[in-house]
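Open the model in your viewer and keep the selection panel at hand. The stops below say what to select and what is there.

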There are 2 protein chains.
Amino acid sequence: MQAKRPYHHANLKQSLLGAAVHLLAEAGPQGFTLREVARRAGVSHNAPYRHFKDKDDLLAAMAAEGFDRLTASMNAAIAEGDSAADRLGLAGRGYVEFAVGSPQHLVVMFETTVAGCSPKYAEAGMRAFQVLLNGIEAVQAEGGLPEGDPHPFAVVAWAAVHGLAKLAIAGRLPFDATRTVQFTNYLSQAVLHGMANLPHPLPPTAG
Amino acid sequence: MQAKRPYHHANLKQSLLGAAVHLLAEAGPQGFTLREVARRAGVSHNAPYRHFKDKDDLLAAMAAEGFDRLTASMNAAIAEGDSAADRLGLAGRGYVEFAVGSPQHLVVMFETTVAGCSPKYAEAGMRAFQVLLNGIEAVQAEGGLPEGDPHPFAVVAWAAVHGLAKLAIAGRLPFDATRTVQFTNYLSQAVLHGMANLPHPLPPTAG
DNA sequence: GGCATATGTTGCCGCTGTCAACATTATTTG
DNA sequence: CAAATAATGTTGACAGCGGCAACATATGCC
């Protein structure tokens, strides 16, 4: 039952996920087809159904994997930071770097309906958000932000960085991927500076 | 030739667009099907091809219509503002209001590849962005922002508001639609305040 | 009235997601 | 170690989709 050992096609589930990631990057969500994934994995068009409930289930798995990569990208960027404020900005940089590097992946991660999916997907998303939240709390501890619930600050930071990434991917910004990543620095500074000099917004007391 | 008068089915093109908008709002991009649009308009599954080159062409037309509605929503919100800074914040509010009210529409507007589409689509998008850009310039004239190219400021403002809207639509924010719109106020203030107290970022000199 | 053209329909094609039935391989169990 | 059982993969089918071609009909122009 819990034997993860290879059967006919050694660890097909991972092969399918890998093929799916590549296909998504090449063809985008439109050209992403379950049958093509199976073709690339060298199995029949119905083999994926032994590992994923349906197409959406595969997409959710890819989204979860994407959130893990996003988390890793932010953590890698953070490592080079000195101050907490610095690290928060670098987290945003890591976010945008991942986004412009895997634009189609980001679509799947955020277009998928968040509710009613596998817990793996939800948890991976939480972990990514937690990086930002931790960064915010560190800045608060450093005195760079008002005390209180860190969530509103995290939402603003997330929104700014996410919006920049999405607009860049949509080709609506007047600069290319490299400059977009550079521009993230200014964006982070502006957002952080603004929140630092404004009173804490009470409303969102969520957990 | 230029006769827009009814033929068999008085002004089918508009009927199709209307049916398409409703279907999109109900079923989302996944359930959006050309044949269902035709069904709702009471015509055969191939009638739409006399008015739209293909499915993407219909989507582009809907996107253009969406940008017009977005522009209208921002302009309506702006009308109530006193200062230029106030009006800029209200524009963001109008943006988010439109987004949470027509979430599926926003997907089509920004997921569609911006390049290679009909000029109508590109122009409608430009007009929407112009509202933000004008707002930024007004704030600059008021002395609320550093002088110089307004584009970087507009990009930051756009990114923040767009990101908030997208995250809200994806169900990833800890508050509902109404509170999201309210939260836009704080977001705008923070962004504007931050940019006001930072030197002008030179890089994006685009036009 | 007659003709070209714009508009709408029918029929078809390959493709897709998904189900059911069958085949094969691994695991368990006596 | 062999038989039973579960896990995994294949084949075949179905309806629905986007899109093309051929056909039918309405409209405007002369």
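The mean for chain A is 92, and 91% of its residues reach 70 or more. Select residues 1–5 of chain A: here the pLDDT is below 50. Beyond near neighbours in sequence, this stretch has 0 contacts in the model. Two residues are in contact if their C-beta atoms, placed from the backbone, lie within 7 Å. Where pLDDT is low, the predicted coordinates should not be read in detail.

Some ground rules. This is a predicted model, in which local features need pLDDT of at least 70 and side-chain atom pairs count only at pLDDT 80 or more, while totals for chains, interfaces and linings use all residues. Residues are numbered from 1 along each chain as its sequence is written, and chains are lettered from A and ligands numbered from 1 in the order in which they are written.

**Chain A**

Show chain A as a cartoon. It has 8 helices and 0 strands. Helices (H or I, at least four residues) and strands (E, at least two) are DSSP runs, numbered from the N terminus. The C-alpha trace of chain A spans about 60 × 40 × 30 Å along its principal axes. Of the 207 residues in chain A, 47% are buried. Buried means 20 or more other C-beta atoms within 10 Å of the residue's own; exposed means 12 or fewer; partly exposed lies in between, with C-beta atoms placed from the backbone.

Now select A:Pro103, which is found in helix H5 (residues 103–111) of chain A.

**Chain B: helix H2**

Go to residues 34–41 of chain B. In this helix, H2, the buried residues are B:Val37, B:Ala38 and B:Ala41. Look down the axis of H2(B): its buried residues fall within an arc of 100°, so they line one face. The arc is that of the directions from the helix axis to the C-beta atoms. These buried residues pack against helix H1 (12–31) of chain B.

**Chain B: helix H6**

Select residues 119–142 of chain B. The end C-alpha atoms of H6(B) are 34 Å apart, and this agrees with the 34 Å that its 24 residues should span at 1.5 Å a residue. The expected span is 1.5 Å times one less than the number of residues. Buried residues in H6(B) include B:Tyr121, B:Leu132 and B:Val139. The buried residues of H6(B) pack against helix H3 (55–78), helix H4 (84–101) and H7 of chain B. After H6(B) comes B:Gly143, with a positive phi near 90°.

**Between the chains**

Show both chains. Here 42 residues of chain B are in contact with 40 residues of chain A. H7(B) gives the largest share of chain B's side, 13 residues. That side has 29 nonpolar, 9 polar and 4 charged residues. Ala, Val, Leu, Ile, Met, Phe, Trp, Tyr, Cys and Pro count as nonpolar, Asp, Glu, Lys and Arg as charged, and the others, Gly among them, as polar.

Finally, superpose chain B on chain A. A turn of 180° and a shift of 0.0 Å along the axis give an RMSD of 0.1 Å, the relation of a two-fold axis. The same surface serves both: 95% of the contact residues of chain B recur in chain A.

Definitions and conventions: Least-squares fit on C-alpha atoms with pLDDT ≥ 70 in both. pLDDT = per-residue confidence, 0-100.
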